[in-house]
Amino acid sequence: MSRSTTVKESLKRWQEEHDGQDPVEAKDIQLQFRWPPIEKMDGTLGTLVNCEKLSLSSNMIEKISGLNGMKNLRILSLGRNYIKSLSGIEAVGDTLEELWISYNQIDRLKGVESLRKLKVLYMANNSVRDWTELAKLQAVPVLEDLVFAGNPLVENLDEPIYFREVMKRLPQLKKLDGVPMLTEDDE
């Protein structure tokens, strides 16, 4: 038996688990916790043209790919993988509203500027060390909910300093690490 599962095999199993429903028609596809795990996102994902929510969490994926054609994808869950960069996410830049990518190895946010509709970014426990990387989120005009705790950048900062520094760079945030942000309008 091979040590990994392909997306195609996972979709076949998903179809069996869902009474033969065609994954191409499905709006919500959950492929997390596959055993053996999925190691590679591939072009098979592009056939999921109706999919609005895709979960590939808790696998062994190293890079984002294969999203071309997923023209309705709004929520992508890739937490607990081995992803090192956001490269490849651009394929869903026009539709993606939520990206859940905590517990990976991301240290750079190149590619995030393509996510024009992104409102929610959960990326706790990654490897971001540099404020210039966090500042790239300024290019995401509607981002309002960010979870960023557990990145080396913020590990040694007191919470008030951390919150102030993030809000300085991302004043449009409504929530940071689950905490509602007060804006001047709220006072």
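Where is the place of L73 in the protein chain? In this predicted model, L73 lies in the loop between β2 (53-55) and β3 (75-77), where helices (H or I, at least four residues) and strands (E, at least two) are DSSP runs numbered from the N terminus. Residues are numbered from 1 along each chain as its sequence is written. Local features need pLDDT of at least 70, side-chain atom pairs count only at pLDDT 80 or more, totals for chains, interfaces and linings use all residues, and side-chain values use heavy atoms, with hydrogens and water left out.

The protein chain contains four helices and eight strands, arranged along the sequence as α-β-β-β-β-β-α-β-α-α-β-β. Along the principal axes, the C-alpha atoms fill a box of roughly 55 × 30 × 25 Å.

Of the 187 residues, 43% count as buried, a term that denotes under 20% relative accessible area, with exposed meaning over 50% and partly exposed in between (1.4 Å probe, protein chains only). The accessible surface comes to about 9700 Å², and 50% of this area belongs to carbon and sulfur atoms; the areas come from the Shrake-Rupley method with a 1.4 Å probe. Among contacts (heavy atoms within 4.5 Å) between residues at least 6 apart in sequence, 41% join residues at least 24 apart.

When neighbours within four places in sequence are left aside, L73 is in contact with C51, E52, K53, L54, L67, V92, T95 and L96. One of these, K53, is 20 residues from L73 in sequence, and the C-alpha atoms of the two residues are 6.0 Å apart in space.

Two aromatic pairs were found in a search of the whole structure. Rings of Phe, Tyr and Trp (its six-membered ring) pair if their centres lie within 6.5 Å; planes under 30 degrees apart count as stacked, over 60 as edge-to-face and the rest as tilted. The ring centres of W100 and Y122 are 6.4 Å apart and the planes meet at 15 degrees, so this pair is stacked. The pair links distant parts of the chain, with W100 in strand β4 (residues 98-100) and Y122 in strand β5 (residues 120-122), 22 residues apart. W100 has 24% relative accessibility and therefore counts as partly exposed; Y122, at 29%, also counts as partly exposed. The pair of Y162 and F163 is edge-to-face, with 5.3 Å from centre to centre and 80 degrees between the planes.

Both Y162 and F163 are buried. They belong to helix α4 (residues 159-169), in which E165, V166 and M167 are buried as well. The buried residues of α4 pack against α2 (131-135), β6 (145-147), α3 (152-155), β7 (175-176) and β8 (179-180).

Helix α2 contains E133, which counts as buried at 9% relative accessibility. Apart from neighbours within four places in sequence, E133 is in contact with D107, R108, L109, K110 and V128.
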